[in-house]
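We will go from stop to stop, selecting a few side chains each time.

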Amino acid sequence: MSITTGALLLVIASVRAEDTSASAPSANEMKMIPALRPVEEVPRIWITPEYVHYWQNTTTKLPQLLSIADPTDSFPVGSYYGDKGLSWNDGNGVKLTVGAWIDDDKRYGIELAGLYVPEQTQSVNFNPLPGNVDAFFADFNMGYPPHFKQNFFPSDPASNASFQYGTEQYGGEANGLIHIGEWEPMNGLKVSADGLGGFRYFGLKDSYSDQYNEPNAGFFYSDEFKTDNNFYGANFGAHIRVECQRFFAEITPKIALGVTDESVSVNGSNVVPNNPGPGGFYASGNKLGDHSNTPFAYLPQITVKVGYNINDTIEAFVGYDALYLSDVARVENQISTQLDGNQMAGFGFVPGGPADGSPPFQVQSSSLFEQGVTAGLTFKL
């Protein structure tokens, strides 16, 4: 090698060394750059069964269904039953989540989740009815006094009334995943983030029924109201996870935008010698039949979990979950004490009134907020 050629190579090597030194980030700068995951340490498939316990918070309430009469039985002076909210205390269910990374770099994946909370029921029975209770609430909307000028029930120990309620919920999601990145803000602490997007479904069913029975007077009424809500929407959110040694915390905010298909079914029956109209008592007139509404709705949800990696394949956690649905038809909102005039025309003790006091039925919407606690295991394969 000549002296000239050797000198040239030394100059090139020196320039390359300077470029490398100038482009190398400091230790602090490296912590701000998303870290590449050690793919071999990331599970390809995960399965998460969970126990969930939900309780609902609602501002809606039942109308006044039984009233306390004054001594002459000509005016209701208080509420005996109704005029209060429904309190659900026992929403126990299960949730199952299954996910998998679908590419070799484990950057893109899919995740499926399903929720089921079996029907909760409440039942209230009055057998016999107290002597100062009118079976039916005075309908001020029709412009006349209570339906009974005299109270039959004190003379009939067989008189009774009963009320039943039920609520059930279920749902599912199908989301695509994209791994956004991982960071190490300090030694021993790791933060990772995955984005998600897909389809969300949520279903809620409510039911209400009542029976009024007065054998000596010879009548029986039965009402039934059912609501069926099905939300469909596009789902967006993220999984954000913080790990410190074997401990971890995870937060999952999501929001779904779509519509709620609200359906209401109203049915009733009666056995009455006065030959009233078809249906029951509250379930009568224009209320009878099937009704529907489909408003725009949004469903935000946030889930927070804290847990511990038992080993490389199993982790245990507990969590908190909160969900809000902006538009939903609850059964208590569909029950109106405005009665059908034709239904009451056969009772001679009902003074006057319009031929039909039952306005066109409209589905009444409100909102749903519920929260709860969860506990489960994740199996990583």
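Start with the salt bridges: there are 9. A salt bridge here is a side-chain nitrogen of Lys or Arg within 4 Å of a carboxyl oxygen of Asp or Glu. Side chains of opposite charge can pair when their charged atoms come close. This is a predicted model, where local features need pLDDT of at least 70 and side-chain atom pairs count only at pLDDT 80 or more, while totals for chains, interfaces and linings use all residues. Residues are numbered from 1 along each chain as its sequence is written, and side-chain values use heavy atoms, with hydrogens and water left out.

**Stop one.** Select Lys 226 and Glu 224. Their side chains form a salt bridge, 3.9 Å from N to O. (Buried means under 20% relative accessible area, exposed over 50%, partly exposed in between, with a 1.4 Å probe and protein chains only.)

**Stop two.** Select Glu 315 and Lys 380. This salt bridge spans 3.5 Å, N to O. Glu 315 sits in strand E13 (residues 314-328) and Lys 380 in strand E14 (residues 366-380), so the pair ties together parts 65 residues apart in sequence. Strands (E, at least two residues) and helices (H or I, at least four) are DSSP runs, numbered from the N terminus. Glu 315 is buried at 6%, and Lys 380 is buried at 16%.

**Stop three.** Stay on Arg 241. Its side chain meets Glu 243 in a salt bridge of 3.5 Å, N to O. Arg 241 also lies over the face of Phe 248, 4.0 Å from the ring centre. (For a charge over a ring, NZ of Lys or CZ of Arg is within 6 Å of the ring centre and within 35 degrees of the ring normal.)

**Stop four.** Turn to the rings. The whole structure has 12 aromatic pairs. Rings of Phe, Tyr and Trp (its six-membered ring) pair if their centres lie within 6.5 Å; planes under 30 degrees apart are stacked, over 60 edge-to-face, the rest tilted. Select Tyr 170 and Tyr 201: they are stacked, 6.4 Å centre to centre, with 25° between the planes. Tyr 170 lies in strand E7 and Tyr 201 in strand E8.

**Last stop.** Select Leu 129, in the loop between strands E5 and E6. Leu 129 is buried, at 5%.
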